[in-house]
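Welcome! Please take a moment to look over the sequence and the structure below before reading on.

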2 protein chains.
Amino acid sequence: MRTGFHEDLDRISDDLVQMATLVGTAMSRATIALLDADLQLAESVIASDTDIDTIRDQVDELAVDLLARQQPVATDLRMVVTAMQMSSSIERMGDLAEHLAKVARLRYPDHAVPPELREIFVQMSKITQELAERVAAAIADKDVSAAEEIEKRDQELDELHRQIFGILVDPSYSSGVEAAIDATLLSRYFERFGDHATSVAYRIVYLVTGRRPNAEVDD
Amino acid sequence: MRTGFHEDLDRISDDLVQMATLVGTAMSRATIALLDADLQLAESVIASDTDIDTIRDQVDELAVDLLARQQPVATDLRMVVTAMQMSSSIERMGDLAEHLAKVARLRYPDHAVPPELREIFVQMSKITQELAERVAAAIADKDVSAAEEIEKRDQELDELHRQIFGILVDPSYSSGVEAAIDATLLSRYFERFGDHATSVAYRIVYLVTGRRPNAEVDD
């Protein structure tokens, strides 16, 4: 084993864990901004996304530098390539939190989320925060069981996504087309956050076991 | 220069061009399936997405294999890493075409797109097909001016995306909430297709010039 390879890889892993923690926090704060129509909080989430982007750039630079200096092969090489793919997914999770905050900002001082959908978005937000925590833990511990739990929780998120459409098309829905458009996009952002978490989980399973999970993430 | 490196890289580039061509065709066919409520065509687009996924897997395998065998550094290394990032973006463009087809299938025998939005979706479809062609050409020719043209066309797509929301919230809109939800998601899929095309274009600019375009793709 080349000296330094594992130190470099640990540094990359730490950065990915930090990114996952930050996107979890961003989701939590973006949801509060949405539900409370809190413009200042929304602006803060939007501004903070650059921190996540910066760590992503750092991960990618480190990974390319590591490839050039250490020239890893076999499993070591796969770990570096996978780290870059995971940084891309987690960075995208941060973008989705930012998108939630932008909807809150767009509708301020109004509330983007109509009363009949508040509770379901609270549930979606809880799941996405848990997903971010589990992604962080799964990366830190190379934990396959955590990865499997992520897939299960993502399915709950998909179910809530479907429920939102059910509420919107029900004759009792009365908050209008604009709120329906917002809710459709917001729900899609939560659902995509879950897809990316699952994508990271699958990559961990593949790295640890060499087995590719069957399911397509985004079907 | 190590023997074989450029042959390997050309093979990867050819595969990326083929992927871009396939996602352009998929967008074209998915739009027809949507506008004509053509179930068979929708099913065909959905089934064909695995072809795109297969080439993406092939690109990623080739790239990892190339890294292991050739151990490129500097610009050569960046080209291989960038190819993997581009394969991911183009594969995602294929998923978005598949999503359009799935909406067509979900609403069949009804039309998912209400009459007042047909023309605008036709325009979005034309732009996305052109974007796919330009992405293919930009990869094949490492053409920075093609990449710049992609960014411009993507902005037209973003403008159409905004126009759709304008139509949906106009008091004259009368096709109901379900059609508005569908249109919101469909428009989002077209718009994201453009974002991914722009992301590929930016990567080409960076590879060729060493300069990172300033704009964030997804803001």
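Here is a short briefing, grouped by topic.

This is a predicted model, in which local features need pLDDT of at least 70, side-chain atom pairs count only at pLDDT 80 or more, and totals for chains, interfaces and linings use all residues. Residues are numbered from 1 along each chain as its sequence is written, chains are lettered from A and ligands numbered from 1 in the order in which they are written, and side-chain values use heavy atoms, leaving out hydrogens and water.

- Helix α4 of chain A covers residues 115-141, which makes 27 residues. (Helices are DSSP runs of H or I with at least four residues, strands are runs of E with at least two, and both are numbered from the N terminus.)
- From first C-alpha to last, α4 of chain A reaches 40 Å, close to the expected 39 Å; the expected span is 1.5 Å times one less than the number of residues.
- Residues 17-103 of chain A are 94% helix and 0% strand, with end C-alpha atoms 27 Å apart.
- Residues 122-203 of chain A are 90% helix and 0% strand, and their end C-alpha atoms lie 28 Å apart.

**A look at A:Ala37**

- A:Ala37 sits in the loop between α1 (5-36) and α2 (39-70) of chain A.
- Is A:Ala37 buried or exposed? A:Ala37 is buried, at 12% relative accessible area (buried means under 20%, exposed over 50%, and partly exposed in between, using a 1.4 Å probe and protein chains only).
- Leaving aside residues up to four places away in sequence, A:Ala37 touches A:Ile32, A:Tyr108, A:Pro109, A:Asp110 and A:His111; contact means heavy atoms within 4.5 Å.
- A:Ala37 and A:His111 are 74 residues apart along the chain, yet their C-alpha atoms are separated by 5.2 Å.

**How the two chains meet**

- In the interface, 35 residues of chain B contact 36 residues of chain A.
- 100% of the interface residues of chain B are also interface residues in chain A, so the copies meet through the same surface.
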